[in-house]
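Reader: Could you walk me through the ring pairs and charge pairs of this structure, one question at a time?

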Amino acid sequence: MRLAQILFSQGFGSRRLCAGLIADGRVAVAGQVVHDPGAEFDTDGLVFEVEGRAWPFHAKALVLLHKPAGFECSQKPRHHPSVMSLLPPPLRDRGVQPVGRLDEDTTGVLLLTDDGALIHRLTSPRHHVPKVYEVTLRHPVDEPQLQRLRAGVVLDDSPEPVRALAALATGDHALRLTLSEGKYHQVKRMLAAVGNRVDALHRSAFGALTLPLGLAEGQWTWADPAQLWPTTEGPDPPPR
Ligand code: URA
């Protein structure tokens with residue numbers, strides 16, 4: 001693929017802007033500045049540098065953000081900045097968007113991608129991708145609450161009970177909840193339905209993806225879609 005087209009596909013602005021970046025000597029491949037926007041490169045495993053920052057080529061982007069509290073997942077945030085403001089412009093410009101939503105005060109694993117088919121696969125209830133939440137509670141957690149969460153509670157927007165795949169006490173006021181759906185405020189509403197209340201919420205896993213060690217709040221990293229499905233069960237991971 002031509003270098004200008006590569007930059008364009010990765011979110012570095014209009015074709016003209018990308019050609020200009022290259023002609024100005026601000027783009028390097030394998031440590032060599034490339035001045036020709038028409039120079040051809042194999043994109044497989046390609047890492048290029050723009051103004052000294054390395055960018056691995058990804059036909060589709062999937063990134064994992066360690067979401068801090070105080071950020072909204074909406075593209076048009078109302079009261080707090082958007083999580084999009086934590087990503088560099090090329091990721092925003094190529095149309096990356098959150099896979100589902102976390103509340104403004106929830107922290108932890110948030111995936112973002114520009115792959116519409118992947119968003120569908122990850123958010124569709126048919127595919128049951130498990131999400132793990134670490135919940136801090138206002139009141140002590142007890143066995144009857146855990147049993148009700150596992151057996152299913154009825155929320156106000158659907159007659160069908162919603163069940164936790166797993167509910168495990170991790171402290172007097174803490175539990176680990178694994179859910180397969182992603183209904184609006186689901187954790188908070190499920191805990192309210194069993195007579196407790198969520199004081200803090202952290203998502204520790206989405207599928208098999210967890211926060212990499214050392215990824216601080218507000219930081220992001222590239223993620224591998226193949227790591228979302230840990231076993232051979234479920235849909236084939238999408239091609240990269
Ligand atoms: N459930 C909630 O209540 N809030 C979240 O942010 C995620 C799941």
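**Ring and charge pairs**

Author: F12 and F48 are both buried, meaning under 20% relative accessible area, where exposed is over 50% and partly exposed lies in between (1.4 Å probe, protein chains only). This is a predicted model, in which local features need pLDDT of at least 70 and side-chain atom pairs pLDDT 80 or more, while totals for chains, interfaces and linings use all residues. Residues are numbered from 1 along each chain as its sequence is written, and side-chain values use heavy atoms, without hydrogens and water.

Reader: How many aromatic pairs are there?

Author: Rings of Phe, Tyr and Trp (its six-membered ring) pair if their centres lie within 6.5 Å, with planes under 30 degrees apart counted as stacked, over 60 as edge-to-face and the rest as tilted. By this rule, the number of aromatic pairs is five.

Reader: Why do the rings of F12 and F48 count as they do?

Author: The ring centres of F12 and F48 are 5.9 Å apart. Their planes stand at 70°, so the pair is edge-to-face.

Reader: Which salt bridge partner does R138 have?

Author: A salt bridge is a side-chain nitrogen of Lys or Arg within 4 Å of a carboxyl oxygen of Asp or Glu, and the structure holds 10 of them. R138, partly exposed at 39% relative accessibility, meets its partner at 2.9 Å, N to O, and that partner is D199.

Reader: Is R189 buried or exposed?

Author: R189 forms a salt bridge with D156 at 2.8 Å, N to O, and D156 is exposed, with a relative accessible area of 74%. R189, at 16% relative accessibility, counts as buried.
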